[in-house]
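This briefing looks at the pairing of charged side chains in one protein structure. Please keep the sequence and the model at hand while reading the points below.

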Amino acid sequence: MHGFTCFSRSPIFSFKIHFAGFSLILRVISVKKSMAGKISYIFLCMNVIPLLAAAASRACSAQSDAKCSQTGEWNGEFFPGIPKIKYEGPYTKNKFAYKWYNAEEVILGKKMKDWLRFSVAFWHTFRGTGVDPFGAPTKFWPWEDGTNSIAMAKRRMRANFEFINKLGVDRWCFHDRDIAPEGKTLQETNSNLDEVVKLAKTLQGNNIRPLWGTAQLFMHPRYMHGAATSSELGVYVYAAAQVKKAMEVTHYLGGENYVFWGGREGYQTLLNTDMEFELDHMAKFLEAAAAYKRKIGFTGTLLIEPKPQEPTKHQYDWDAATTTNFLRKYGLIGDFKLNIECNHATLSGHSCHHDVETARINGLLGNIDANSGDAQTGWDTDQFLTDTREATMIMLSVIKNGGLAPGGLNFDAKLRRESTDVEDLFIAHIVGMDTLARGLRYAAKLIEDGSLAKLIHKRYSSFHNELGALIEAGKADFEMLEKKAMEWGEPTVASAKQELAEMIFNSVL
């Protein structure tokens, strides 16, 4: 039974909704019997009640013939009618099939699933609502009941693992506050997290594990000045406790990595900021995290995720090069690697391939958050990567790196605000996975063909002699080089053959 009522003759009016044993009551007090009060009352009836009724109709419902238990918990499929996604080849018209990703197929001596190591991002997939700075949420998934309760958190977790199993991947990523609600105290919050994580451990089974976990140190108002870089000692302490717990549950779940994204670790103006103080504190925080990792026996890799700005005006881990320098300065190279997010790279003025390659040549490529931005916008749009050209260049670096393990490719990407069907969650991941699988295939063709490698080798061939070897060994001083310059005279400069390189690259696409 469901319904609602408005009481117009009372200074207190109520809205009641009943659905499958769920009751939602909203009371608005002290509405005066004035014309303004009546107008407000009518407006509220017209706008709030339909929203509440819609929320109630979705409670404990994942399809039209809802299967609810006595406790109101959902017992049916979350994604009825959507099969387990399988590979059917590039000519299939089936939207619920892979065209390019064939998990067991061997490419350059390794299975595709081992090159790509795909992961589902819990926060975008199951907490994304379509809200933006200019508009309200647009996504109301059938399993949601409008609350952030423990029961709802568990229901989302069940939906998550049904999704993962149907998609055919075996990794997922999470923030602590995405999977369990924050309580009134840290103790209550930790207890909430433990309860949900216990269920996740059961649902994972033996084949699924987190690619990485992390602590959400940016949304709560306590972190408005940062976490590790906060000007408030109490915030630094609280953040440390939160990371400690998040690292423990990541370890408990068998996580392969742990990520630090410092969304608030930066500044809005230098006029009120002691940058050196904040950077030193961030380093001490990360040192303590590395020490605790060793103490609890967590063997996963610690990853830092660069981003130039947003929400701060300047974020301290601006890009791969800046973050590498930070790790080197504070002696943290041995404890940390980088998680390169493609959209963050483009926000810093680089291509994703640039930051991936920068991390690789420094021995710090640990993981990739596979997404993209929009060239016409100036913010982090977190779109699914669908550019085959960019995917091919990224996979060239991944192959040169020997793969990403124990890292992988996490879809830190969300549906567009206007994409509101449940099936869109699958379609988005399928196209993202196919794009990167296609990039892997094309990168392998380039490597097997060898033409591009030969072009690069030839371009630097003038160093392939005795003097070049001395330069690379650090044994050629300026006096020696001056003597050669006098002897050889004006150097000849060969063509870089950029257009030929692009022709070779395009020939495999």
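Across the whole of this predicted model, a search finds 23 salt bridges. Side chains of opposite charge can pair when their charged atoms come close. The points below describe some of the pairs, together with how accessible their residues are.

**A link between distant parts of the chain**
- Glu105 and Arg441 form a salt bridge in which the closest N and O atoms are 2.6 Å apart.
- This pair connects distant parts of the chain, since Glu105 sits in the loop between strand 4 (97-98) and strand 5 (106-107), while Arg441 belongs to helix 13 (residues 422-449), 336 residues apart.
- Glu105 is partly exposed, its relative accessible area being 23%, whereas Arg441, with a relative accessible area of 14%, is buried.

- Arg360 and Glu357 meet through their side chains in a salt bridge, with an N to O distance of 2.7 Å.
- Both Arg360 and Glu357 lie in helix 11 (residues 352-361), where they are three residues apart, or about one turn of the helix.
- Glu357 counts as buried because its relative accessibility is 19%, and the cut-off for buried is under 20%.

- Lys307 is buried, with a relative accessible area of 4%, while Glu310, at 29% relative accessibility, counts as partly exposed.

Technical notes. Residues are numbered from 1 along each chain as its sequence is written. This is a predicted model: local features need pLDDT of at least 70, side-chain atom pairs count only at pLDDT 80 or more; totals for chains, interfaces and linings use all residues. Side-chain values use heavy atoms; hydrogens and water are left out. A salt bridge is a side-chain nitrogen of Lys or Arg within 4 Å of a carboxyl oxygen of Asp or Glu. Helices (H or I, at least four residues) and strands (E, at least two) are DSSP runs, numbered from the N terminus. Buried means under 20% relative accessible area, exposed over 50%, partly exposed in between (1.4 Å probe, protein chains only).
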